[in-house]
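Let's walk through this model together, with an eye on its charged pairs and its surface.

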Amino acid sequence: MNCDSVLTIAQQSRAAARQLASVSAAARNRALANMAEALEAVKQSVLEVNALEIAKARDAGQSDAMVKRLTIDDKTFNYMLSRLTKVAQLPDPLNRVLTGHTNPAGLRVYKKSVPLGVIGIIYESRPNVTTDAAGVCIKSGNAVILRGGSEALQTNAILTDAMVAGAVAAGLPQHAIQIIRMPGHEAVGELLKMDGYIDVLIPRGGKGLIQRIAEGTRIPVIKHYDGICHLYLAGDAEPDKAVALAVNSKCQSVQVCNALETLLVDSQCAEQLLPLLNEAFTANHIELRGCERTQTLLPGIAAAGEEDWSIEYLAPILSVKVVAGIQAAIDHINRYGSGHTDGIVTQSLSLARQFEEQVDSASVMINASTRLSGGGDYGLGSVVGISTDKLHVRGPVGPDELTTYKWVAVGDGHLRA
């Protein structure tokens with residue numbers, strides 16, 4: 001593939017997007033069902049090719065976390081299929097009348113939901129993004145250009161080819177789903193120049209990748225920066241519930257964006273809870289790094305420096321700080337957090353409400369694990385990321401979030417007076 005091929009792909013996607021805008025919800029849902037069936041038919045090929053790419057990644061010295069993100073096994077593959085099925089079952093996000101009125105002169109005015117157009121997805125490691133992105137974009141009537149990392153190039157190609165065949169069989173345009181197969185950075189550089197054809201870019205990966213994309217293009221970017229997620233254990237937190245939520249938030253999967261990175265413990269309950277927490281985290285092989293007060297109550301743990309409050313570890317490490325009340329917790333979160341997911345454990349409705357109103361994050365969890373913030377548990381089916389921006393979307397990016405709107409005015413020869 002040469003750079004002209006990137007231009008051709010962008011032009012083809014623009015033409016496909018114009019056709020998709022008028023495709024019925026039934027046809028889009030049929031395409032999603034066909035895509036799942038086509039993927040099932042190539043499952044063995046996907047697993048075999050993915051195993052080769054995993055071995056290559058290990059030989060290249062990639063981290064265990066990277067290899068885990070790259071891996072597709074039976075469970076992961078079935079999960080990918082289920083997300084396509086779930087997104088097909090969602091209400092149609094298009095052609096909804098969002099608001100409207102008839103003015104005194106009889107002019108009927110309304111605002112309706114429509115697709116964004118062409119979505120570019122640039123991502124690393126995770127082949128499941130290939131199917132999630134295609135599913136969300138087709139459901140919302142958008143054409144999608146996929147650019148995965150070279151470490152999963154062959155896996156992504158097989159997944160994409162199968163989904164294209166399924167979508168075309170349902171009557172969708174040939175170029176509704178496309179993938180850039182050229183390894184290296186040259187194709188990405190060309191993609192970033194396609195502001196005449198691509199409406200939105202969504203990068204998925206490390207902070208460095210996202211910064212490079214955002215700073216290197218004039219195309220609007222939906223960004224997902226750090227997931228520096230907090231859980232605040234209020235003074236009245238029930239011990240068993242507090243420990244269970246803290247452990248699940250951190251340990252259920254340490255390498256994901258909504259895993260807990262900083263635990264804030266109220267000074268009223270710190271003496272009681274910290275030993276219980278330490279025991280539970282030690283059993284799960286989590287290294288704790290604490291403030292001075294935490295170290296006093298848990299002798300032997302490492303000190304947390306200023307930089308620890310701003311780190312997304314994505315590893316079995318957790319920073320712990322004792323805070324003097326809810327306002328101190330809120331201030332800490334708003335200073336060091338990334339606006340991704342932050343939670344509180346409390347029995348008090350007033351404390352929960354204060355936390356909800358004052359914490360400036362895309363997801364606020366009340367007596368719930370931070371690991372529950374995302375498309376599946378929010379009822380969105382597949383998502384293409386979790387935005388820490390406020391414009392155009394915030395939080396999980398599902399089909400509804402990949403729409404915009406247009407105004408329609410219906411008259412009967414109405415003239416401006």
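Lys390 counts as exposed, as its relative accessibility is 51%; buried means under 20% relative accessible area, exposed over 50% and partly exposed in between, with a 1.4 Å probe and protein chains only. This is a predicted model, in which local features need pLDDT of at least 70 and side-chain atom pairs count only at pLDDT 80 or more, while totals for chains, interfaces and linings use all residues. Residues are numbered from 1 along each chain as its sequence is written, and side-chain values use heavy atoms, leaving out hydrogens and water.

Lys390 pairs with Asp360 in a salt bridge, their closest N and O atoms being 3.1 Å apart. Lys390 sits in the loop between β14 (386-387) and β15 (395-396) and Asp360 in the loop between α14 (349-358) and β13 (363-366), so this contact ties together parts 30 residues apart in sequence. Here a salt bridge is a side-chain nitrogen of Lys or Arg within 4 Å of a carboxyl oxygen of Asp or Glu, and helices (H or I, at least four residues) and strands (E, at least two) are DSSP runs numbered from the N terminus. Asp360 also meets Arg394 in a salt bridge, at 2.8 Å from N to O.

The structure holds 17 salt bridges. Among them, Lys43 joins Asp74, with the closest N and O atoms 3.0 Å apart. This pair links distant parts of the chain, helix α3 (residues 43-59) for Lys43 and helix α5 (residues 74-89) for Asp74. Lys43 counts as buried at 16% relative accessibility, whereas Asp74, at 44%, counts as partly exposed.
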